[in-house]
Amino acid sequence: MNKLLSAFACAAALISTPLLAKEVRLASDFTYPPFNYMDAKGNPVGFDIEIADALCQQAELQCTWVSQGWDALIPSLLARKSDVIMASMRITDDRKKKVLFTDKYYQTPARFVAQAGQTLDISPEGLKDKVIGVQSGTIHDRYVTDKFGDVATIKRYAGQDEVYIDMANGRLDVTFGNSDQLALAFLDKEIGQGFEFVGKAVTDKAYIGEGTALALRHNDQALAEKFNRAIAEIRANGTYDKIAAKYFSFDIYGEEL
């Protein structure tokens with residue numbers, strides 16, 4: 001009996017012990033170009049990926065990538081199937097209850113996109129009977145559901161790239177997402193020709209959050225601090241700006257919204 005109790009105690013200690021190993025499993029859904037996606041050879045690429053590589057090198061951590069669907073990112077982290085979420089996840093009060101966020105590594109507002117030339121009013125009256133496409137389980141999903149779910153049809157997708165396909169094919173009236181991602185992955189591409197931003201930028205922190213950060217389990221505070229130091233160091237030594245310049249012609253880090 002004593003041996004059995006001892007075994008249970010050891011197992012419980014392993015579950016609650018903060019991550020101390022140098023090997024860290026980073027999780028992403030890889031459906032969000034130019035931030036995180038797979039290239040033609042199936043390799044993780046994008047801004048998030050390069051920033052993560054730089055942070056791991058700066059913090060002297062061995063990091064590997066784990067693929068998870070967006071809706072599974074937080075549950076998988078809490079189930080210890082990964083150690084850090086690096087997937088352009090916004091800091092929000094709801095998510096803070098479940099995970100520990102690092103300092104932000106970028107911050108942008110959210111915008112609506114629709115066909116160019118429309119006089120579309122972003123209001124319950126203006127979006128009545130419209131079809132709004134969003135990535136499922138995101139802050140953008142929550143925003144349009146709360147604001148327009150009673151008057152519009154909310155169509156949810158596993159990945160943002162699927163939203164763009166249906167926008168281009170006329171299956172959606174409007175989409176809502178991060179302004180930078182909408183511009184770079186849709187409006188600036190051939191698939192997004194004939195579409196434009198509509199309405200004002202949304203900066204409500206109750207939905208849009210306090211920036212975009214890495215997410216960890218609450219008891220992994222020491223690891224979070226390593227990443228925080230690494231974020232500050234790559235910002236100071238020019239590595240961050242060098243990576244950002246490959247993807248953006250504007251300041252992606254951003255000021256407080």
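Predicted model: local features only at pLDDT ≥ 70, side-chain atom pairs only at ≥ 80, totals over all residues.
Hi everyone, let's start at C63, which is partly exposed, with a relative accessible area of 26%.

Residues are numbered from 1 along each chain as its sequence is written, and side-chain values use heavy atoms, leaving out hydrogens and water.

So how are C56 and C63 linked? They form a disulfide, with sulfur atoms 2.0 Å apart; the cut-off is a pair of cysteine sulfur atoms within 2.5 Å. The angle about the S-S bond is -95°, and the link of C56 and C63 is left-handed. A search of the whole structure finds one disulfide.

Now for two helices. Helix α6 covers residues 160–168 and helix α7 covers residues 179–187; they pack at an angle of about 60°, with axes 11 Å apart. Helices are DSSP runs of H or I with at least four residues, numbered from the N terminus. Axes are lines fitted to C-alpha atoms over the stretch in contact, and angles run from 0 to 180 degrees between N-to-C directions.

Which residues of α6 and α7 meet? Q160, Y164 and M167 in α6 meet Q181, L182, A185 and F186 in α7, where contact means heavy atoms within 4.5 Å.

Conventions:
Buried < 20%, exposed > 50% of the residue type's maximum accessible area, 1.4 Å probe, protein only.
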